[in-house]
Amino acid sequence: MIRYFEDIAIGDEMELGSHTFGREEIIRFAQKYDPQPYHLSDAATAQTHFGKLCASGWQTAGIFMRLLVQKKQALEAEAKAQGEPVALTGPSPGLEDLKWIKPVFVGDTISYKRIVSGKTESRSRPGWGLIHGENHGINQNGEPVFFFKSNVFQQRCDRG
């Protein structure tokens, strides 16, 4: 279910899913959005500090966003099917500390999750609060590869 601001607790975790990065997918993304040598070919990458083809950091971020939206859509559909209310989410006033910690290579599987790190009642938007999150991408070896902090508006519940 998509929960209201009051129902969300600091420390709540949401597993978003995993994605395995394929060679052709990495190259297609790079050709279109991030045409740096280490994202385009094995030969070019061999001459860099990466040593082998790796995904663009923007691709790892894009996959995070896709999985987040899909998870929210599934939770919303489930809540509606059970006749439960669905709280509104968004927009986001921004993110902080975006980090690409380790390269994501061909064949790596990245698991993504969001952890609620804080909550703030909105002073400028009555009926809304801000949910602060820490967002992680972890590879198949348990190593962090991607991280950022997020802030997202979440609807408050008037249970008066």
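User: In what order do the elements of the chain run from the N terminus on?

Analyst: They go β-α-α-α-β-β-β-β, which comes to three helices and five strands. Helices here are DSSP runs of H or I with at least four residues, and strands are runs of E with at least two, numbered from the N terminus. Heads-up: this is a predicted model, where local features need pLDDT of at least 70 and side-chain atom pairs count only at pLDDT 80 or more, while totals for chains, interfaces and linings use all residues. Residues are numbered from 1 along each chain as its sequence is written, and side-chain values use heavy atoms, leaving out hydrogens and water.

User: What makes S2 and S5 paired strands?

Analyst: Two strands pair if DSSP finds at least two bridges between them. Five bridges join S2 to S5 (residues 144-155), so the pair passes that test.

User: Which strand order does the open sheet have, and why do S1 and S2 count as its edges?

Analyst: The order is S1-S3-S4-S5-S2, with antiparallel pairing. S1 (13-20) and S2 each have a single partner strand, so one side of each has no neighbour in the sheet. On average, neighbouring strands of this sheet are turned by 20° against each other, direction ignored.

User: Where does H3 lie, and at what angle to S1?

Analyst: H3 lies across S1, S2, S3 (109-121), S4 (128-138) and S5, at about 125° to S1. Angles like that run from 0 to 180 degrees between N-to-C directions, using lines fitted to C-alpha atoms, for helices over the stretch in contact. Contact means heavy atoms within 4.5 Å.

User: Why is Trp58 called exposed?

Analyst: Exposed means over 50% relative accessible area, buried means under 20%, and partly exposed is in between (1.4 Å probe, protein chains only). Trp58 has 51%, so it counts as exposed. Trp58 lies in H3 (residues 57-81).

User: Which residues of H1 are buried, and what covers them?

Analyst: In H1 (residues 23-33), Glu25, Ile26, Ile27 and Ala30 are buried. Their cover includes S1 and H3.

User: Is Arg23 exposed, partly exposed or buried?

Analyst: Its relative accessibility is 34%, so Arg23 is partly exposed.

User: What makes Glu6 and Arg156 a salt bridge?

Analyst: Their closest N and O atoms are 2.8 Å apart, so they meet the cut-off. Glu6 sits in the segment before S1 and Arg156 in the segment after S5, 150 residues apart.

User: Which residues do salt bridges with shared partners join into one network?

Analyst: Arg156 also meets Glu121 in a salt bridge (3.3 Å, N to O). Glu121 lies in S3 and Arg156 after S5, so this pair links parts 35 residues apart in sequence. Shared partners join Glu6, Glu121 and Arg156 into one network.

How values were computed. Salt bridge = Lys/Arg side-chain N within 4 Å of Asp/Glu carboxyl O.
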